[in-house]
Amino acid sequence: MGQSSPEAQPNCSERSGENQNNQSQMKSLFLAALFFAAAAVSAQEVPNNQSTTTVQDTVKTTKVNELKEVTLTQQKKFIKIESDKTTVAIKDNPMLGTGNAYDAVKKLPGVIASPTGGLSLNGKGVAIYIDGAPSTLSGSDLENYLASLPANAIEKVELIYNPGAAFDANASGSIINLVTSSKRLKGINASFNINYNFNKYQKPSPQILLNGKEKNLSWQAMIGYNYIEREQRSGLGQTFTSFTPNKYIDQDKLTVTTNRNFYARFGTNYKLNDKSNLLLNYNTTFSNDRNVFDGKTTGSEISDYINTGTNKSKASNHEISLQYKTKLDTIGRTLDITAFTNAFNQDPNSKTNAVENNVASYNNFRNNFGLLNYYLKYDLAIPFEKINLSINTGGKFNTIKVENTGFYNLNSPTTEIIDFDYKETNLAFYAEVRKKIKKLNLTAGLRYEDFNVDRTGIVDNTRTDIDFKNRNLFPNVSALYEITSDVNLSASYSRKIQQPSYYVLDPNGGNFDQYNTSTGNLLLNPSFYDNFELKASAFQFVQLGANYTVAKDHNLFILNAEPGETVSTQTFQQFDRFKTMSLYANFPIPLDYFFKGKEEFKKRMNNIDKMNYVFLNINYIKNMTEGYDFSFKSKPVWNYAAQAQIMLPWDVKNSMTYFILPAGGVWEIYKITKPIQQFDISFSKDFLDKNLKIGLHAFDVFNQNEVNALISSTNLQTKFYEKNDSRTFRISLTYNFGNLKIQKDNTDIETEKVRTGGGFVK
């Protein structure tokens with residue numbers, strides 16, 4: 001369950017500058033919080049954030065020991081809240097930057113992981129983007145990919161609440177955009193990282209990062225390896241209601257997983273001229289995973305059923321992107337062209353030994369899975385500064401092809417073969433206009449999407465071919481009113497679509513035995529969403545908001561049973577209409593002001609690394625499902641989360657995070673029967689002029705993060721239980737070395753895409 005606080009470690013000069021950046025950014029944060037917490041602090045104490053002075057403009061010397069005297073006027077922030085998105089820095093946060101990307105994303109403000117998998121943002125469904133491009137992976141494939149990506153490869157994460165026409169319409173409601181690091185410095189620089197995680201299992205993750213710049217060419221290379229051992233305990237208590245009296249089955253399972261993952265990420269940026277850049281990136285991962293499981297099933301009419309076995313899976317993913325960015329003229333027109341391709345392959349197989357009534361049986365399967373994607377897009381920005389008007393337009397074409405062949409032996413020497421083929425082509429164009437009228441900022445956009453989806457698989461033992469064609473227009477409108485220079489109120493509407501992903505369609509499943517089946521639903525229709533949002537934000541750090549979503553043909557994971565059978569089927573089901581109301585609040589509390597007084601608080605503002613604070617996030621989520629009866633009443637879910645920084649003696653920084661989702665609420669269609677909560681704590685300190693950083697971390701200290709939920713469906717009620725070995729300890733070490741000179745000349749060309757979705761948190 002993820003909650004609030006989704007690369008390279010900088011060299012000494014850069015870190016010193018970034019340290020100063022963080023200081024001024026946090027200064028703004030606490031002044032903003034003080035505005036709401038105590039009227040004694042005047043608005044004039046808020047620093048001006050309009051300066052455009054850069055690090056390169058400010059540095060007066062290349063001597064490392066003099067950088068700490070540099071004064072920067074534009075600073076990095078840990079978190080920045082805007083009308084359309086929230087941006088969170090990752091790699092400089094000790095609680096987020098030392099693990100993997102999936103764990104970091106789950107701790108972001110308003111992000112909640114569903115009890116049955118998947119992520120949401122302030123109660124709405126979410127699409128994952130990486131460097132501005134949507135990920136083609138879905139389901140557990142996407143989660144595994146994010147788990148293999150180190151968090152320090154992520155410069156920042158953008159939480160985009162109600163994306164406009166410039167983003168794909170196939171985003172349901174919200175977008176989480178992971179922006180990877182792209183900073184290169186003159187010469188050759190290196191950073192060595194190792195995260196050693198352990199409980200009763202070992203989880204080391206070493207990594208080395210190299211980057212540099214020579215004339216107009218900058219480059220970066222990250223290579224690492226993850227070895228992770230972990231366990232999961234799960235259980236299903238199922239009541240089959242089509243019988244008189246009811247029948248029941250209880251299942252318990254222990255799975256011990258070993259993940260071995262190698263990754264490499266290479267990037268180059270060539271400055272063609274003063275106005276144009278050419279960027280080439282190649283990323284690859286290779287994984288070799290193994291699950292050893294031991295299960296037991298008991299029931300009203302079942303003698304003990306013992307199910308043991310091993311799942312093995314090898315996978316590889318290759319990504320290549322080429323991007324051309326240019327300024328067309330001096331008035332700000334920019335063009336951004338991106339070409340991207342990735343190929344993902346996986347070959348899981350399972351060997352199971354089962355015993356029932358002293359009679360042995362078996363359940364073996366293997367799959368050959370392949371995904372190939374091509375993606376081409378362009379974005380053109382045309383500003384008209386004299387009339388406070390800008391126009392953005394662009395288009396994209398992509399194609400995705402998936403093939404999955406499963407071979408199954410279920411208590412029979414005969415092999416059953418299930419073929420699944422999926423092909424999607426998507427052509428899109430958009431235009432978006434932004435106009436400012438005094439204190440009112442207006443945006444209107446329209447996106448045209450042409451989807452052609454062809455899927456072939458097995459339905460009721462018959463090979464079926466289904467072709468969906470969707471041509472639709474997706475409008476978006478928003479208005480932002482600047483109440484003051486630091487406080488604004490915004491409202492927005494957008495219409496979106498969600499094509500069923502290959503993961504929810506594929507009839508191949510990985511959970512087959514006497515009492516369980518798992519399968520996709522080839523007959524699912526696209527889902528359409530109308531998203532409304534109203535939000536107030538202040539000082540770029542405080543927000544209060546509400547959103548309301550109406551979904552048609554919404555797809556949800558559910559367990560069903562055929563009448564007269566004691567076999568449960570895990571699949572996805574379409575709900576005619578699904579509504580979500582969400583309220584949320586994010587705000588900081590400056591502890592120093594309350595516990596040390598105003599004067600001491602103002603002194604500490606000159607060194608934000610010494611500040612003590614708490615950042616709070618509160619969510620209220622109410623789901624309403626029409627046309628389906630459940631055995632329980634739908635009640636809202638509350639989610640509370642906090643991240644704190646406490647400064648200890650000897651410059652030791654203490655970070656703590658805590659979240660709790662109380663029992664009694666209904667998440668989508670799953671009733672939470674026991675609180676879901678976790679408390680994490682870490683200590684970090686810099687050595688050797690900040691070239692060496694050492695951290696000690698403890699996650700889920702009280703071992704309370706587990707999921708207990710009730711799922712009600714046709715002919716079946718299921719009590720679901722899952723407990724991972726979430727209580728983990730980590731030792732993190734980062735050492736930086738190399739040429740530590742910062743150059744004023746940089747190969748980055750700032751285009752509209754960078755200003756809205758890339759670069760650093762400013």
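Q: Buried means under 20% relative accessible area, exposed over 50%, and partly exposed in between. Which class does N388 fall in?
A: This is a predicted model. N388 sits in the loop between strand 17 (359-384) and strand 18 (389-410). Its relative accessible area is 44%. That value lies between the cut-offs of 20% and 50%, so N388 counts as partly exposed.

Q: What is the phi of N388, which is not a glycine?
A: The residue belongs to the loop between strand 17 and strand 18. N388 is not a glycine, yet its phi is positive. The value is about 55°.

Q: Is L688 buried or exposed?
A: L688 lies in the loop between strand 32 (676-687) and strand 33 (692-699). L688 also has a positive phi, about 50°, although it is not a glycine. Its relative accessibility is 55%. The cut-off for this class is over 50%, so L688 counts as exposed.

Q: How many strands does the protein chain have?
A: The protein chain has 762 residues, and 55% of them count as buried. Its accessible surface comes to about 32,100 Å², with 56% belonging to carbon and sulfur atoms. Seven helices are present. The number of strands is 36.

Q: Over how many bridges do strand 13 and strand 14 pair?
A: Strand 13 covers residues 276-299, and strand 14 covers residues 302-327. The two form a hairpin with two residues between them. The strands pair in the antiparallel sense, and the bridges number 23.

Q: Which residue in the turn between strand 14 and strand 15 has a positive phi?
A: Strand 14 runs antiparallel to strand 15 (residues 334-346), joined by 13 bridges. N317 has its bridge partner F344 in strand 15. The two strands form a hairpin with six residues between them. In that turn, a positive phi of about 105° belongs to G332.

Q: Which residue in strand 16 is the bridge partner of T310?
A: Strand 14 pairs with strand 16 in the antiparallel sense, over eight bridges. Strand 16 spans residues 349-356. There, T310 has as its bridge partner K351.

Q: What charge does the surface patch of R290, K312, K314 and K351 carry?
A: K351 is found in strand 16. Its relative accessible area is 60%, so K351 is exposed. Lys and Arg count as positive. R290, K312, K314 and K351 gather on the surface, and the charge of their patch is positive.

Q: How far apart in sequence are the parts that E301 and K247 tie together?
A: E301 forms a salt bridge with K247, with the closest N and O atoms 2.9 Å apart. E301 lies in the loop between strand 13 and strand 14, and K247 in strand 12 (residues 247-271), so the pair ties together parts at a sequence separation of 54 residues.

Q: Is K247 buried or exposed?
A: Its salt-bridge partner is E301. E301 counts as exposed, at 61% relative accessibility. K247 stands at 19%. That is under the 20% cut-off, so K247 counts as buried.

Q: In which strand does D450 lie?
A: R471 and D450 form a salt bridge, the closest N and O atoms being 3.4 Å apart. R471 lies in strand 21 (residues 462-482), and the pair ties together parts that are 21 residues apart in sequence. R471 is exposed at 53%, whereas D450 is buried at 17%. D450 lies in strand 20 (residues 440-459).

Q: What is the N to O distance in the salt bridge of E231 and R233?
A: E231 is buried, with a relative accessible area of 12%. R233 is partly exposed, at 41%. Their side chains meet in a salt bridge, with an N to O distance of 3.8 Å.

Q: Which residues are linked with D168 in a network of salt bridges?
A: The structure holds 20 salt bridges. One network of salt bridges includes D168. Linked with D168 there are K396, R447 and E449.

Q: What is the omega of the peptide bond from T244 to P245?
A: P245 has its place in the loop between strand 11 (217-240) and strand 12. The peptide bond from T244 to P245 is cis. Its omega is near -5°.

Technical notes: Residues numbered from 1 in each chain as written. Predicted model: local features only at pLDDT ≥ 70, side-chain atom pairs only at ≥ 80, totals over all residues. Heavy atoms only, no water. Helix = DSSP H or I, 4+ residues; strand = E, 2+ residues; numbered from the N terminus. Buried < 20%, exposed > 50% of the residue type's maximum accessible area, 1.4 Å probe, protein only. Areas by Shrake-Rupley, 256 points an atom, 1.4 Å probe, with all protein chains shown as cover. Patch = residues over 30% accessible without salt bridge, like charges linked within 9 Å, V, L, I, M, F, W, Y side chains within 5 Å. Salt bridge = Lys/Arg side-chain N within 4 Å of Asp/Glu carboxyl O. Charge placed at Lys NZ, Arg CZ, Asp CG, Glu CD. Pairing = 2+ DSSP bridges.
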